[in-house]
Amino acid sequence: MRRPRLAEWQLALPLALAYAAFFLVPLVLLIAVSAFDDEKITIVGFAQWRKFLGDPFTWKVIVDTVKLGCFTVVATALVAYPIALVYLGAGPRWQRAILFVVILPLLTSVVVRTFAWIVILGREGVINQAVLWLGLAPAPLRLLQTEHGLVIALTQIEMPLLLLPLLSVMSRLDPSLRDASAGLGATRWRTLFRVTLPLSLPGLVAGCMLVFASSTTAFISQFVIGGNRLVYLPLLIWQQSLVVYNWPLAAAAALTLLVSVGLGVAAISALGRRSRAYAV
Amino acid sequence: MGTRANRQEKGEAMSERRFTRREFLAATAVTGTALAMARPVHARGSVTAAMYPGTWEEAFRAHVAPALKAAHSVDLEMTPLFAVDQIAKAQAARGAPPFDAFVLDPGPRVTGIERGLFEKFDAKRLTNLARLPSGATDEWGVTVAAQVVGIAYNPKKLPRPKGYKDLLQDPWVSRLGMTGFQTTYGTVSIIEIAKQFGGSETNVEPFFVEIRKVLSKVAAIGAPASMPALFQQGQCDVTYTNTQTVATLRGRGVDIEFVKPDSGAVAFFTTMHIAKGSRESENAYKYFDTVVSAPVQAALMQPPNNFIPVNREVKLAADLPMASLDEMAKFVHHDWAKINPLRAAWIERFNKEVAK
């Protein structure tokens, strides 16, 4: 039974080859391109890396990008978790309805959803009209091209990425554990924090990692809603690769984004492991 | 290592059906062959053209494709790409272009020439050559449309601005929507603003000095693609843009007027080029000839396309800021061979100046 199963790894081979061809090879190419000094990719050197990482503005952009990911993760988790609890307590028919509503935004293009947010967040948009009508502010609020406006939009755009793994884990929780907790005298809040939350952590952590990776790299949403006033790494990559054709610098920026996102995802994963150990 | 039958006998099979090595190799071969054949197939009598997405693509599908088919029996296939994306793709393809014809603004055109991405162009092969203004063709390609850039504003919200200087003053500045140096119209407009404060085609420093003073008031500094939506949604009520965008927005019922600035409107030309290594250059010439022919140019000028034609036989629409193509010679023109080398530094500077 322990012998290597030939057929199984053969079946995984096409995917492995595709992964190697379409991810590993381009990644190696990206690293190679970043190790050139000039735009025409002829002189080997690390001048672009020195220029990129030696500029304090780059570090501000890196920090802003990671910060955007963190804010989006926190906002998405705070909104998504109550929805997941409602899902947990709902009957099968409502569960199907909630799942459908969660998946619904994925059926529209992210470009369409992003442009819809211009209509919602704009000066004459739905939110501002409501704020003015209710007399909550004397003038329209500035929501577009601000970090909080972008986080609001990204929270909705990225929501399915957090909810789907969370709901998948939640639906497999054994209801008798919560009943046992209640039977032993725990309040609903204590049951939530000592039973439900620790058991649903794997789903929450997986969702947070997806949201972090997706929101920090969401070029279209960042640029359309944030405009030029909010500069994140994907904008720098686009400018360098497609507007001024400085591919070595674009490659250095892309690798920096890859490392930043990788570290962020690893941090969320580590945080998840630690809090799980603490909770249990 | 046993055969499939052996393994099944030993109870190792997870499912009833497994692939044999032969089947696996056959499947791989089929997949490989399919991938190998999936390269762009240039059918007889076709040309693949890169095309700006949106208005341009829709207009070319409606008017150029049928005309090309009728006149030359050539099918037009379009790949929607912005100018900068065309250059990046052609450069990455290294001699095996993913399309036969480019459509470009002046900045990317100069980059394309510098990086050897175009075939040499023989203007004499265009039957419509005599109907084009002098200088509309050169050794690299043909001009197919003109663009005029100036100021657009909402007359119901703001008084009429006189020129670029007004954009940085009240009441306009607090309703101003801007874009950076990523686009041709953005770059030339910022140059024109800089000129009002003592700058020049190669010196935009005065712009940065002036914008720093009013940055907190500016209504929006957006992505180029989002500017029409920002204007339509009232996020900004004055911006710099081209006549085509103004006409398109007006067609959608937006309150918008075009202003020819007192320092002059900016004119530049959109050109087409044959991609280096294209195997359909014959059809590319037929395609270009169709695009600049009078009936097609007249159709492209009509709403909702709103192109500015380059064929002299086409009478210009009444709402354009000139009565004839010759008048455009008096408009402001820029030398992109000088601008391109400076653009990377300007973009970097713009990021740093406007980022919060």
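Which residues of H10(A) are buried? In H10(A), the buried residues are Ser221(A), Gln222(A), Phe223(A), Val224(A), Ile225(A) and Gly226(A), a residue being called buried if 20 or more other C-beta atoms, placed from the backbone, lie within 10 Å of its own.

## Basis of the description

This is a predicted model, in which local features need pLDDT of at least 70 and side-chain atom pairs count only at pLDDT 80 or more, while totals for chains, interfaces and linings use all residues. Residues are numbered from 1 along each chain as its sequence is written, and chains are lettered from A and ligands numbered from 1 in the order in which they are written.

## Helix H10 of chain A

Helix H10 of chain A spans residues 219-226, and because six of its eight residues are buried, this helix is largely enclosed by the rest of the structure. Helices here are DSSP runs (H or I, at least four residues), as are strands (E, at least two), and both are numbered from the N terminus.

The buried residues of H10(A) pack against helix H5 (110-121), helix H7 (147-170) and helix H11 (233-243) of chain A. After H10(A) comes Gly227(A), which has a positive phi near 65°.

## Two domains in chain B

The domain assignment divides chain B into domain 1 (46-146 + 267-332) and domain 2 (148-265 + 337-354), with bounds that come from an automatic or database domain assignment. The C-alpha centres of the two domains of chain B lie 26 Å apart, and their contact takes 19 residues from domain 1 of chain B and 18 residues from domain 2 of chain B, where two residues are in contact if their C-beta atoms, placed from the backbone, lie within 7 Å.

On the side of domain 1 of chain B that touches domain 2 of chain B, helix H5 (106-114) and strand E9 (266-274) of chain B each supply at least two residues. The largest share of that side, four residues, comes from H5(B). By class, the residues of this side of domain 1 of chain B are 13 nonpolar, four polar and two charged (nonpolar: Ala, Val, Leu, Ile, Met, Phe, Trp, Tyr, Cys and Pro; charged: Asp, Glu, Lys and Arg; polar: the others, Gly among them).

## Helix pairs in chain B

Helix H3 (residues 55-72) and helix H11 (residues 281-291) of chain B pack at an angle of about 120°, with their axes 10 Å apart. H3(B) and H11(B) are therefore oblique to each other, as angles under 35 degrees count as roughly parallel, over 145 as roughly antiparallel, 65 to 115 as roughly perpendicular and the rest as oblique. Axes are lines fitted to C-alpha atoms, for helices over the stretch in contact, and angles run from 0 to 180 degrees between N-to-C directions. The contact joins Val64(B), Ala67(B), Leu68(B), Ala71(B) and His72(B) of H3(B) with Lys286(B), Tyr287(B), Thr290(B) and Val291(B) of H11(B), and by class it has six nonpolar, two polar and one charged residues.

The axes of H4(B) and H5(B) come within 9 Å and cross at roughly 15°, and these two helices are therefore roughly parallel to each other. Their contact is made by Ala83(B), Val84(B), Gln86(B) and Ile87(B) of H4(B) and by Pro108(B), Thr111(B) and Gly112(B) of H5(B); its residues divide into four nonpolar, three polar and no charged.

## Contact between the chains

The contact of the two chains takes 30 residues from chain B and 28 residues from chain A. On the chain B side, helix H4 (83-93), strand E6 (220-221), helix H9 (227-232) and helix H13 (336-354) each supply at least two residues, and the largest share, six residues, comes from H13(B).

Definitions and conventions:
Buried ≥ 20, exposed ≤ 12 C-beta atoms within 10 Å, placed from the backbone.
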